Amino acid sequence: MLMIIIVILADLIGFSLLVPIYPLLHNYYIITEVQTGYFVQIWALFLCSGGIFFGILSDKLGRKNGLLIPIIGSIITYLMAFFVDTYPLLLTCRAFNGFFNGNFVVAMATAADISTKETRLKNMSAIGAALSLSWIVGPMLGGFVSSLTKTPYQAI
């Protein structure tokens, strides 16, 4: 169950980490507010398709592979996003990251599979706590990192 919690935390901290950085992205890439909205939307859109894909994949290859393959994909997309310098490439990285974060669905299914009737409530509550914790840690960490990278010439 601990591994499932770690997967959920990693996926959703990665999403919520960028919330305080949106104004910096807006200024760095010189994009409109609508394009900033696309940056947020595309992750959720691809999360839905990734959830379906990795759900089917985990039914065929097993839950472990259904969790491991997307984690590797997420790591690759985060590394790629670090090196891109144009908005379309960043948007593409964000889309693929949303797709690979579809393993969130597999994590929940795995938690349900390993739960007995007596432990189901405890396990689902742990997943809810991980969701809440990710929304606390992610923006806090993103704000801290963005404060380290600001220069006096950046307007927010």
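The sulfur of C48 lies 20 Å from the closest cysteine sulfur, that of C93, which is too far for a bond, and the structure accordingly holds zero disulfides, a disulfide being a pair of cysteine sulfur atoms within 2.5 Å. This is a predicted model, in which local features need pLDDT of at least 70 and side-chain atom pairs count only at pLDDT 80 or more, whereas totals for chains, interfaces and linings use all residues. Residues are numbered from 1 along each chain as its sequence is written, and side-chain values use heavy atoms, with hydrogens and water left out.

**Cysteines**

- C48 is exposed, with a relative accessible area of 53%, whereas C93 is buried, at 4%; here buried means under 20% relative accessible area, exposed over 50%, and partly exposed in between, with a 1.4 Å probe and protein chains only.

**Salt bridges around R63**

- A search of the whole structure finds two salt bridges, each defined as a side-chain nitrogen of Lys or Arg within 4 Å of a carboxyl oxygen of Asp or Glu.
- R63 pairs with D59, the closest N and O atoms being 2.9 Å apart; R63 is partly exposed, with a relative accessible area of 23%, and D59 is exposed, with a value of 58%.
- D113 also forms a salt bridge with R63, and in this pair the closest N and O atoms are 2.7 Å apart.
- Because D113 belongs to helix α6 (residues 103-114) and R63 to helix α4, this pair ties together parts that are 50 residues apart in sequence; helices are DSSP runs of H or I with at least four residues, numbered from the N terminus.
- D113 is partly exposed, with a relative accessible area of 48%, and salt bridges that share partners join D59, R63 and D113 into one network.

- S58 lies in helix α3, which covers residues 33-61, and is buried, with a relative accessible area of 4%.
- A polar atom of the S58 side chain lies 3.0 Å from the backbone oxygen of G55.
- When its neighbours within four places in sequence are left aside, S58 is in contact with R63, G66 and V106, where contact means heavy atoms within 4.5 Å.
- L45 is likewise found in helix α3, but counts as exposed, at 58% relative accessibility.
- The C-alpha atoms of L45 and G98 are separated by 7.4 Å, although these two residues are 53 residues apart along the chain.

**Nonpolar surface patch**

- L68, I72, I76 and M80 make a nonpolar surface patch of about 360 Å²; patches are made of residues with over 30% relative accessible area and no salt bridge, with like charges joined within 9 Å and nonpolar side chains (Val, Leu, Ile, Met, Phe, Trp, Tyr) within 5 Å.
- Accessible areas come from the Shrake-Rupley method with a 1.4 Å probe, and for residues only the protein chains shown count as cover.
- I76, one of the patch residues, has its place in helix α4 (residues 63-83) and counts as partly exposed, at 45% relative accessibility.

Notes: Helices (H or I, at least four residues) and strands (E, at least two) are DSSP runs, numbered from the N terminus. A polar contact is a pair of N or O atoms within 3.5 Å; within protein, one must be able to donate a hydrogen and the other to accept it, and residues adjacent in sequence count only if both atoms are side-chain atoms.
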